[in-house]
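Open the model in your viewer and keep the selection panel at hand. The stops below say what to pick and what you will find.

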Amino acid sequence: MPGLVRNMYWESTIMSVSIPVLAGPAQALDPKLRRDLKTLATFIEIYCEHHHKDSPRQTATLRTHDIRQLTGHDISLCPQCTQLLTHAFVKRSHCPLSPKPACKHCPAHCYHPRFRVAIQNVMRFSGRNLILRGRLDYLIHLLF
Ligand code: SF4
Ligand SMILES: [Zn+2]
């Protein structure tokens, strides 16, 4: 995708102007999608807690999903991680591939390059963190 077009696409997704609102409660989501969104939110939360302690953080809210319903609690994120969460939720919710591969094995990774690097860092760090905490249940279905 040419750079200008890609940037415009990214801005349209991140500015949340053209994001379709997903109707209904989180329970209505496909179980795999729900699991992946919960994993994304949890991993980004862990990463932000450890890396952005000094940034202003506030409860993450999305127009498209109820984070509290997905994760069972509110999550606090800095602005940077809130942008990453928004981007990741849009991309995962609109993944065109079926069956969906793990994103790290995707032949056409759909994330904006900036967010692709960011989410890989998040998954690496938070995956390690969860292993150290014995939370292997989160690692069975790693996305990245
Ligand atoms: S990176 Fe690939 S598998 Fe992951 S959401 Fe995008 S298109 Fe789907
Ligand atoms: Zn953060």
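Select the zinc ion, ligand 2, in this predicted model. Its protein donors are Cys48 through SG, His52 through ND1, Cys78 through SG and Cys81 through SG. They lie 2.1 to 2.3 Å from the ion. Now check the angles. Among the four donor atoms they run from 99 to 122°, and the site is tetrahedral. The tetrahedral label holds because all angles fall between 85 and 135 degrees. Along the chain, the donors are spaced as C-x3-H-x25-C-x2-C.

Are Cys48 and His52 buried or exposed? Cysteine 48 has 0% relative accessibility. Histidine 52 has 12%. Both count as buried, because buried means under 20% relative accessible area.

Next, select ligand 1. Which residues surround it? Show Lys91, Cys95, Pro96, Lys100, Pro101, Cys103, Cys106, His109 and Cys110. Then color this shell by class. Six residues are nonpolar, one is polar and two are charged. The lysines, Lys91 and Lys100, are the charged pair, because Lys counts as charged.

Move to proline 99. It sits in the loop between helix H4 (79-93) and helix H5 (113-132). Look at the peptide bond that joins serine 98 to proline 99. This bond is cis, with omega at about 0°.

Follow the chain into helix H5 and pick asparagine 129, which is found there. What does asparagine 129 touch, leaving aside residues up to four places away in sequence? The partners are Ile46 and His50. Asparagine 129 has 13% relative accessibility, so it counts as buried.

Finally, zoom out and show the whole protein chain as a cartoon. Starting at the N terminus, the order of elements is α-α-β-α-β-α-α. Of its 144 residues, 40% count as buried.

Technical notes. Residues are numbered from 1 along each chain as its sequence is written. Chains are lettered from A and ligands numbered from 1 in the order in which they are written. This is a predicted model: local features need pLDDT of at least 70, side-chain atom pairs count only at pLDDT 80 or more; totals for chains, interfaces and linings use all residues. Side-chain values use heavy atoms; hydrogens and water are left out. A residue is near a molecule or strand if one of its heavy atoms lies within 4 Å of it. Helices (H or I, at least four residues) and strands (E, at least two) are DSSP runs, numbered from the N terminus. Buried means under 20% relative accessible area, exposed over 50%, partly exposed in between (1.4 Å probe, protein chains only). Donors are N, O and S atoms within 2.8 Å of the metal (3.2 Å for Na, K and Ca); water is not among the atoms, so sites may look incomplete. Four donors count as tetrahedral if all angles lie between 85 and 135 degrees; four count as square planar and six as octahedral if opposite donors are over 155 degrees apart and all others between 65 and 115; anything else is irregular. Contact means heavy atoms within 4.5 Å.
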